[in-house]
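Here is a friendly walk through a protein that may be new to you. Take a moment to look it over, and then read on.

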Amino acid sequence: MVGITDQLRATKPQPDLVDRFYKVVEKLKLENPFHCYQCFKCTSGCTSFRLTEIMPHSFVNFVRLGFVEDMMRSELLWACCQCLKCKERCPQDVAPVDVIFLLRRMTVSSGAEIPEDLSKIIMNVTETGFIQGIQKVKVGETSVDREQLGLPPITLPNLEKFSSVLMKAMEEQIE
């Protein structure tokens with residue numbers, strides 16, 4: 001994986017994407033990323049930071065500097081585990097996770113490919129209502145299901161209604 005800093009050295013800011021980004025920020029009434037004063041509180045609490053190179057304050061800063069397309073192409077965009085700690089910790093209410101969600105949406109809207117694992121999750125959610133199917137787990141040498149573990153059965157969603165709501169949400173355009 002190419003580091004985000006290395007990736008940015010080879011590019012220049014993209015003013016058209018920055019304008020598009022800020023129009024959506026305004027439309028969604030999100031806090032303006034320029035209000036971030038880089039205190040690092042978001043990064044210090046970031047669950048994904050412990051596993052990847054992602055630093056929420058840097059993400060916000062690169063967007064502020066105009067590197068929207070680079071952030072959209074970064075694999076780190078998809079590394080956020082959406083724990084929302086950055087949103088809770090930000091004294092300026094900038095919420096790096098909102099920036100990340102918006103960039104993800106712009107990436108998908110642009111037709112760019114998303115990570116294969118994420119595609120599988122989306123397919124499972126649209127087809128079953130769950131991120132993954134109901135599975136057995138290994139306990140020692142034996143595979144057991146929920147009932148054997150004494151867990152309550154999972155209530156399946158009304159797939160027709162769920163799919164209808166999901167498709168409507170996916171068709172809505174912010175831009």
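In this protein, 69% of the contacts with a separation of 6 or more are between residues 24 or more positions apart, where contact means heavy atoms within 4.5 Å. You are looking at a predicted model, in which local features need pLDDT of at least 70, side-chain atom pairs count only at pLDDT 80 or more, and totals for chains, interfaces and linings use all residues. Residues are numbered from 1 along each chain as its sequence is written, and side-chain values use heavy atoms, with hydrogens and water left out.

Now for the elements. The protein has 10 helices and 2 strands, which are DSSP runs numbered from the N terminus (helices are H or I with at least four residues, strands E with at least two). Starting at the N terminus, their order is α-α-α-α-α-α-α-α-β-β-α-α. A box of roughly 55 × 35 × 30 Å along the principal axes holds the C-alpha atoms.

Let us turn to the inside. Of the 175 residues, 34% are buried, that is, under 20% relative accessible area with a 1.4 Å probe, counting protein chains only. The largest nonpolar core has 32 residues; such a core is a set of buried Ala, Val, Leu, Ile, Met, Phe, Trp, Tyr and Cys residues joined through side-chain atoms within 4.5 Å. F21, I54, F59, V63, V68, L103 and M106 have the most contacts inside this core. Helix 2 (15–27), helix 4 (56–64), helix 5 (68–73) and helix 7 (96–109) each supply at least two of its residues.

Key: Buried < 20%, exposed > 50% of the residue type's maximum accessible area, 1.4 Å probe, protein only.
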